[in-house]
Structures are given as C-alpha cells and as structure tokens.
Amino acid sequence: MSGNGRIVNAELQRSSPTDKSLTAREKKLLGDGVEEKNSKNGNGNNQSDEWHGVPTEILGLKQSISFDFNNSISTPINFSEAWTFFQTCDMSAFMKPYHAIQQLNLFQQKLLRLLGYRRLKVSLVPERDLIFAVASCAMNNDFTVHRRILQSIYVFMTNKSSCPRYGTHWEEVGFQGQDPASDLRGVGMFGALQILFLSSAQETKDSLAPDIYELSRHPMNQFPLAVLSLNVTRMALDAFRDGLLNKFCNKRNESVSVVNRFYLAIMYRIYKKWKENNLTIHDSCFLLKDVEKWCRAHPRRAFSRLEEYLAQNVICNGVKKRKRQTKKTDAPNDEAAHSLSWLDLTKPSLEVFI
C-alpha cells in the first residue's frame, strides 16, 4: 500500500465512521455500507444499517461471528482429519489441572487397584490432557476447521451436499437452535468431534448412525439426537476422568479411540433400550441415568454388546448390498422404486415407519 493510503487508514481509525466530512476516497475505503447509510439514513435512525456498513477493521474490533452463509462444503471433514488439526494446535490455553484418583488417600487408592483400577500410562498422559483441553475449547467461528466439523455432521447425517452455517435446518439432527455452537458449551469441540465420529466412522456410518438417526426422527419416539449425543460425551468424559477406562487405554496404547468407543457403547445401549421399550422424550432422564450407571459399572460388557451389534450389522449390510445388486441386475429400469434410504428421513412421514 502507498504512503498516502497508510495516512488515510490512520486518519480513519482515529475518526468516527459516521463523520459527514469524509472525503470521497475515505468513503470508498469504508465501503458501500457507509455510502448506503448516508443515502438512506440521513437522520441516523436506522442503526442496524449503519453498523453493518462499518468494516470491523475500522472499528478496531475482532469479529466474533462470521455471517458467511456459504451453503457449500468443498470437502466434508472426518474425525481423523479433525483430530489431527487439534493435535497440531497450541491448546495450552485450555489445559486445566487434572483431578482424579490423586485426590484419594493411600488406602482408597490401594482399594481401587484391588478392584481393578489402573493408572494411565505416562505415555498416554499428553493425549488425555488434549482430550480434556478440546472439551474445554469453545467453537470458534474464525477457524475454518471448526465450521467444517459442524457442517460435516449435518452432511453425513442427512446426505445433503450443502449446509448453511446458521438456520433452522440444524434441528433436523437434533440441535436446539439456529446456531449449533450454542449447544456445545458443556463439552466443547470434543462433543462435536464425537458426533462427527458417529456419523463418519467406517463401522458406524452405515449402522448405528442411520439407526439412531431414524429413531430420533420417528413421529412417536423422536428426540434431539445432537443434544443426546452431547450428554453421552459428558458421560464418557466423566468415566475417563474417573479412571474407569484406563486399563482399556493401556491395553490399546491410546486414549481417544477408547473414549470414542465408550461413547458409542453408551449411545448403542440408549438406542437399544429406547427402541425396545418404545420410549419417548419424557422417559429420557431416567433412561440416561440408568444407562450411565450400568456402563460405568460394566464397561467391558458395554464394549462387548457394541461389538456384537456392529458385527451383526456388517453381515446384514453385506446381505442387503448383494440383494440390491441382484435387483438392479434383474430390473435395471426399476431403480426409482428402491432409491429410498435412511437419509430420506429428513422429512419423516408415517408411511416411512410402517
């Protein structure tokens, strides 16, 4: 930028953006918004137009919310890529003192070890700290990866190619408002990562994810899937913080995969109980407490039940694929009759569930 341009910018930052004595060049630097304000709002009554017309650089403010309503996502992000992003970030600002069994006295620690408690390997401590740091990290709209994580959740769950950053469409996947970031306060970006893991992981994207999504959209048994998932993330983090998953982490020599696995185990048990007992949202409080208590007391059995379900669905999905291929071969012109999938349930009707 030339010397004259720097002088003009310095003067603009010291002056008020609504000054009537601005030169034509200064108005051009401020943008079309100020010109629109001067032409439409001579009396200064329309304050919303005035502030939308002032660039945040001139005001000296950092924009906290991006109003970019671009509906397209170049490439949906999966859990592995998103987790790698956080591994390469400086998360020191979100690191908090870790409180677990160290708060217990010596007798209590020995008693817990007799009952099966194991300390986490020293080599896994950095990963443990990162997990809780990400759980303390709020969604930041300035980070493209944060936005991609949220939008990818919607894309994977609904099989739609576009996802506006804000809007009522988020209620389709169980968020409570037009901005899903407001629901992440309790478990931060780790809550979003676990929903992403459910919807994009190779072994769940065609089994548990569509099954639980379909149930959440059922006219009678519906529930907010994203809100439920965030509560389950909190359960998984509590179990991990209390050392209930340490021996499984030590055996696999990694932590985040075990925490994700425990999250899936809880989600599966909730789904199973909800569907078998034909529950509604009014039963959710009692069900969540019961499932959390059972999974904390029997983590190994919770893992086993999940593995059985996933293995069974692998076989079922293989049979379904072979049947679809056979039908396409026998009736190649009848593709429209068999095009319905679980992802069509974004607009549920009674016919779908009969």
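Tutor: Start at E276, which counts as exposed because its relative accessible area is 52%, where the cut-off for exposed is over 50%. This is a predicted model, so every value here is computed from predicted coordinates. E276 belongs to helix α14, and its side chain makes a polar contact of 2.9 Å with the side chain of K272. On helix geometry in general, an α-helix has 3.6 residues a turn, so residues three or four places apart point the same way.

Helix α8 itself covers residues 125-135, and eight of its eleven residues are buried, which leaves the helix mostly covered. The buried set consists of E127 and R128, then the run L130, I131, F132, A133, V134 and A135.

On the α10 side the residues are F190, Q194, I195, F197 and L198, and they meet V256, V259, N260, Y263, L264 and M267 of α14. Sorted by class, this contact holds nine nonpolar residues, two polar ones and no charged ones.

Helix α10 has a further contact, with α12. Here the packing angle is about 110° and the axes are 9 Å apart. Helix α10 is therefore roughly perpendicular to α12 as well, and the crossing of these two helices is right-handed. From α10 the contact uses F190, G191, A192, Q194 and I195, and from α12 it uses A226, S229, L230, T233 and L237. The class count for α10 with α12 is six nonpolar, four polar and no charged residues.

E292 sits in helix α15, residues 284-297. E292 is buried because its relative accessible area is 16%, and the limit for buried is under 20%. The side chain of E292 makes a polar contact with that of R234, at 3.2 Å. Leaving aside residues up to four places away in sequence, E292 touches R234, M235 and D238.

R301, in helix α16 (residues 299-330), is partly exposed, with a relative accessible area of 41%. Its C-alpha lies 9.3 Å from that of A265, although R301 and A265 are 36 residues apart in sequence.

For the setting of this part, the whole protein has 17 helices and zero strands. Of its 354 residues, 44% are buried. Among contacts with a separation of 6 or more, 70% join residues 24 or more positions apart.

Key:
Residues numbered from 1 in each chain as written. Predicted model: local features only at pLDDT ≥ 70, side-chain atom pairs only at ≥ 80, totals over all residues. Heavy atoms only, no water. Buried < 20%, exposed > 50% of the residue type's maximum accessible area, 1.4 Å probe, protein only. Helix = DSSP H or I, 4+ residues; strand = E, 2+ residues; numbered from the N terminus. Axes fitted to C-alpha atoms, helices over the stretch in contact; angles between N-to-C directions. Parallel < 35°, antiparallel > 145°, perpendicular 65-115°, else oblique. Left-handed = near helix turned anticlockwise from the far one by under 90°. Contact = heavy atoms within 4.5 Å. Nonpolar A, V, L, I, M, F, W, Y, C, P; charged D, E, K, R; others polar. Polar contact = N/O pair within 3.5 Å; in protein donor to acceptor, adjacent residues only side chain to side chain.
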